[in-house]
Amino acid sequence: MESLIDDTARMLDLDPLALRLQNLLTAADMPWSLPSGDCLDGGDPRAVLAQAAECFDYPGERAGLAGRRANGERVGIGIGCYVEPCGQGFERARLSVRADGAIELALGTASQGQGHQRVFATIVAEVLGCDPARVCVLEGDTERCPDGIGALASRSIAIGGSAARLAALAVQARLASGERAPLSETIRYEVPAEAFGLGAVIVRLSLAAGSFEPCVERLVWVDDCGRVIDERGTRAQQIGGLAQGIGQALFEALRYDEHGQLLTGSLMDYALPRADRMPLAPQLFAMPSACGANELGARGIGEAGCIGVPAAILNAARDALAAIAPLPADLDLDLPLTADKLWRAGERLSRIALPDDPGR
């Protein structure tokens, strides 16, 4: 979809940023009903992209691009805008205060490395007015935890976090009324509507002379994940999503032989992004807005990187190739953008640019 927008901009002789800014929704358009029946409850997609463009210094980068292209470099800029649904359904949370003052939060959702322990403890501690270190968070134990749907679709904080907050509010109310520990509250929370995270990624990418090896030189990313509970954890989610997005765009692929035998069945064969392929100083920003779709006001961020980053990289690669010759309508670049695939595309474009060259 994002490459189609860039193609449209080329057809209309418009800058791809300008075309997006003309057509993106604003905060004044919200809530916005989608043909699918879903509803975007808030956020400002146009302002998010404008902020990303400002941080990127888009006019200056475009000017620099022209100079590098004049010197024969293949370099391009790509934009990727996205919305990310953050899950539907329910989660359960049980908050218990023991007679010795220990606080235990048991959840139906389960962590896969997202830092749930710290985030859920912070949510409860904020309500109870205690140190988050006092809150013991239990997940993944079917004997001790209530049932739930789990960690998927960036739903853990929006739904599980809302359940935890409501359980803490119930416990706080009972303590305020003079009830003494031990006591426990179990809350089943089902979201009335799905929340949507949103954001924009802008990338500068170059193709090495001769080999066409792609290099992500610069990346700016602005994300609106609603209420931010843990700034460190949010940034970590962005960095992890960024790495996964680069992997999707440039390396990761399941490959089979002519008999259907999987050739990339282990990490000895399956290419993953390495530290040396990450941009040196990615600029990651949060631009949160109010969210009314759940009790906590969260939108989710877990999969934002692998949605927005590959689209921006693909558009940057196509923009770099367009420095050779105008892109034909049937030029279809599938991910991952390996060097050999980009080289073949470059060779085809060179023949278009110099059709009578006897050396080609």
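Where in the chain is the place of Pro 31? I looked this up and found Pro 31 in the loop between α2 and β1 (32-33), where helices (H or I, at least four residues) and strands (E, at least two) are DSSP runs numbered from the N terminus.

**Entry 1: ground rules**

I am working with a predicted model, in which local features need pLDDT of at least 70 and side-chain atom pairs count only at pLDDT 80 or more, while totals for chains, interfaces and linings use all residues. Residues are numbered from 1 along each chain as its sequence is written, and side-chain values use heavy atoms, with hydrogens and water left out.

**Entry 2: the chain as a whole**

I noted nine helices and 10 strands in the protein chain, whose C-alpha atoms fill a box of roughly 90 × 50 × 35 Å along the principal axes. Of its 360 residues, 48% count as buried, where buried means under 20% relative accessible area, exposed over 50% and partly exposed in between, with a 1.4 Å probe and protein chains only. I then looked at contacts (heavy atoms within 4.5 Å): among those between residues at least 6 apart in sequence, 73% join residues at least 24 apart.

**Entry 3: backbone exceptions**

Most residues other than glycine have a negative phi, and most peptide bonds are trans. Against that background I returned to Pro 31, where the peptide bond from Met 30 is cis, with omega near -5°. A cis peptide bond also joins Leu 335 and Pro 336, with omega about 0°, and Pro 336 sits in the loop between α8 and α9.

For positive phi I recorded Asp 57, which is not a glycine and has a value of about 55°; its place is in the loop between α3 and α4 (58-70), and it counts as partly exposed because its relative accessibility is 44%. Ser 154, also a residue other than glycine, has phi near 55° and lies in the loop between β6 (135-138) and α6, but Ser 154 counts as buried because its relative accessible area is 14%.

**Entry 4: pockets**

I took a pocket as an open set of points, on a 1 Å grid over the protein atoms alone, where a 1.4 Å probe fits and protein lies on both sides within 12 Å along at least five of seven lines; lining residues have an atom within 4 Å of a point. Grid points are joined across faces, edges and corners, and a volume is the space filled by probe spheres set on the points.

The largest pocket has a volume of about 680 Å³ and is lined by 28 residues, of which Glu 2, Ile 5, Leu 24, Cys 81 and Tyr 82 lie nearest its centre. I found that α8 gives the most to this lining, with five residues, and that the elements supplying at least two residues each include α1 (2-11), α3 (45-56) and β8 (196-207). By class, this lining divides into 20 nonpolar, six polar and two charged residues, with Ala, Val, Leu, Ile, Met, Phe, Trp, Tyr, Cys and Pro taken as nonpolar, Asp, Glu, Lys and Arg as charged, and the others, Gly among them, as polar.

The second largest pocket has a volume of about 420 Å³, and of the 26 residues that line it, Ile 157, Gln 237, Gly 300, Ile 301 and Gly 302 are the closest to its centre. Its lining draws two or more residues from each of α5 (116-128), α6 (156-176) and α7 (231-250), and it has 11 nonpolar, 10 polar and five charged residues.

**Entry 5: nonpolar cores**

I used "nonpolar core" for a set of buried Ala, Val, Leu, Ile, Met, Phe, Trp, Tyr and Cys residues joined through side-chain atoms within 4.5 Å. The largest has 36 residues, and those with the most contacts inside it are Val 203, Leu 219, Ile 313 and Leu 321. Two or more of its residues come from each of β8, β9 (214-224), α7, α8 and α9 (339-353), and the largest share, eight residues, comes from α8. Leaving out residues up to four places away in sequence, Val 203 touches, among others, Phe 56, Val 216, Leu 219 and Ile 313. I also noted a second, separate core of 29 residues, which includes Leu 95, Leu 105, Ala 158 and Ile 187.

**Entry 6: Ser 3**

Ser 3 is found in helix α1 and counts as buried because its relative accessibility is 19%. Leaving aside neighbours within four places in sequence, I found Ser 3 in contact with Leu 314, Asn 315 and Arg 318.
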